Amino acid sequence: CVSRQLRCEPVSSSNTLLNEVFEFCKYTLIGTTLDMYTDSNTRQRDVECMESILINMLMQYSGSLEFAVPKYTWEYAVQSRPTNGLGWGEWGPMSVVAAYEHYMATADLSMFEATYGTMYNYTLYSLIDKSKSVIYCDFKNIQYNCKQVEVDWPQQMRDGFVYTQWNAVLSAWSYRAMRSFVAMARGLGTSKAVQDANRLEAARPR
């Protein structure tokens, strides 16, 4: 998908199902992208749902050369929210992963560099219990809303998931965010970035 029209490069393979999946993804982007990605143009047009931004970015990068829309959407979402969280608990770590996916697609670290301190905080490194390598977060924590993770299906549809102060959802996303941060920090190459990368590399679960 190129330029404002989001025109996608044609894809044709011998696999009919693969061709259909590509066409579906292409028109999903064309049909749902206004000037930025949204969660839903009919239900929620606010540019804040990081899981939606991440998925749209991955679709965009998988079949196009359009890099401005995902970058601008990510910058808008991150910079318009408070530095102590993007809303739902896992959106912070997701934003780090999204910055990494942009880096992988473009070799561009400008988004990461411009928000370096925020991205470091969004790995949730400060919430990790170093002895157990998982996130502990008191539900009364005023620095980060740990309980508000987006496992927000009705109780009977959560497959037995139980909210506790040892947060499995945040731990999983934090692990991925820390890996992403380490790769970008080492790509940045400054002495501070390398030190931070080494610190996170030592702290993340094995």
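Modeller: Happy to! One term to begin with: two residues are in contact when they have heavy atoms within 4.5 Å. Among contacts here between residues at least 6 apart in sequence, 67% join residues at least 24 apart. Please keep in mind that this is a predicted model.

Colleague: Good to know. How many helices and strands does the protein have?

Modeller: There are eight helices and two strands. Starting at the N terminus, the order is α-α-α-α-α-α-β-β-α-α.

Colleague: And what share of the residues is buried?

Modeller: Of the 206 residues, 45% are buried. As for the surface, the protein exposes about 11000 Å², and carbon and sulfur atoms supply 54% of that.

Colleague: What about the largest nonpolar core, how many residues has it got?

Modeller: That core has 46 residues, and those with the most contacts inside it are M50, W74, F112, M119, F181 and M184. Helices 2, 3, 4, 5, 6, 7 and 8 each supply at least two residues of the core. Helix 4 gives the most, with eight residues.

Colleague: Let's zoom in on F181. Which residues is F181 in contact with?

Modeller: Leaving out neighbours within four places in sequence, F181 is in contact with V96, F112, Y116, M119, Y120, T123, D196 and L200. Two residues on that list, D196 and L200, are also among the buried residues of helix 8.

Colleague: Then tell me about helix 8! Which of its residues are buried?

Modeller: The buried ones are A193, D196, A197, L200 and A203. Seen down the axis of helix 8, they fall within an arc of 130 degrees, so they line one face of the helix. The face turned away from the buried side carries the exposed residues S191 and A202.

Colleague: What covers that buried side?

Modeller: The cover includes helix 6 (116–122) and helix 7 (168–188).

Colleague: How far does helix 8 reach?

Modeller: Helix 8 covers residues 191–203, and its 13 residues reach 19 Å from the first C-alpha to the last. That is close to the 18 Å expected at 1.5 Å a residue.

Colleague: New topic: Y61. Where is it, and is it buried or exposed?

Modeller: Y61 sits in helix 2. Y61 counts as buried because its relative accessibility is 15%, and the cut-off for buried is under 20%.

Colleague: Which residues does Y61 touch?

Modeller: Not counting residues up to four places away in sequence, Y61 touches E66, F67, P70, E101, H102 and A105. With H102 there is also a polar contact between the two side chains, at 2.7 Å. As for A105, its C-alpha atom is 6.6 Å from that of Y61, although the two residues are 44 apart along the chain.

Colleague: One last thing. What is phi of A107 and of L124?

Modeller: Phi of A107 is near 65 degrees, a positive value in a residue other than glycine. Phi of L124, also not a glycine, is near 65 degrees too.

Colleague: Where are they, and which is buried and which exposed?

Modeller: A107 lies in the loop between helix 4 (91–106) and helix 5 (110–114), and A107 is exposed at 62% relative accessibility. L124 is in the loop between helix 6 and strand 1 (128–129), and L124 is buried, with a relative accessible area of 1%.

Note on methods:
Residues are numbered from 1 along each chain as its sequence is written. This is a predicted model: local features need pLDDT of at least 70, side-chain atom pairs count only at pLDDT 80 or more; totals for chains, interfaces and linings use all residues. Side-chain values use heavy atoms; hydrogens and water are left out. Helices (H or I, at least four residues) and strands (E, at least two) are DSSP runs, numbered from the N terminus. The expected span of a helix is 1.5 Å times one less than its number of residues. Buried means under 20% relative accessible area, exposed over 50%, partly exposed in between (1.4 Å probe, protein chains only). The arc is that of the directions from the helix axis to the C-beta atoms. A nonpolar core is a set of buried Ala, Val, Leu, Ile, Met, Phe, Trp, Tyr and Cys residues joined through side-chain atoms within 4.5 Å. Accessible areas come from the Shrake-Rupley method with a 1.4 Å probe; for residues, only the protein chains shown count as cover. A polar contact is a pair of N or O atoms within 3.5 Å; within protein, one must be able to donate a hydrogen and the other to accept it, and residues adjacent in sequence count only if both atoms are side-chain atoms.
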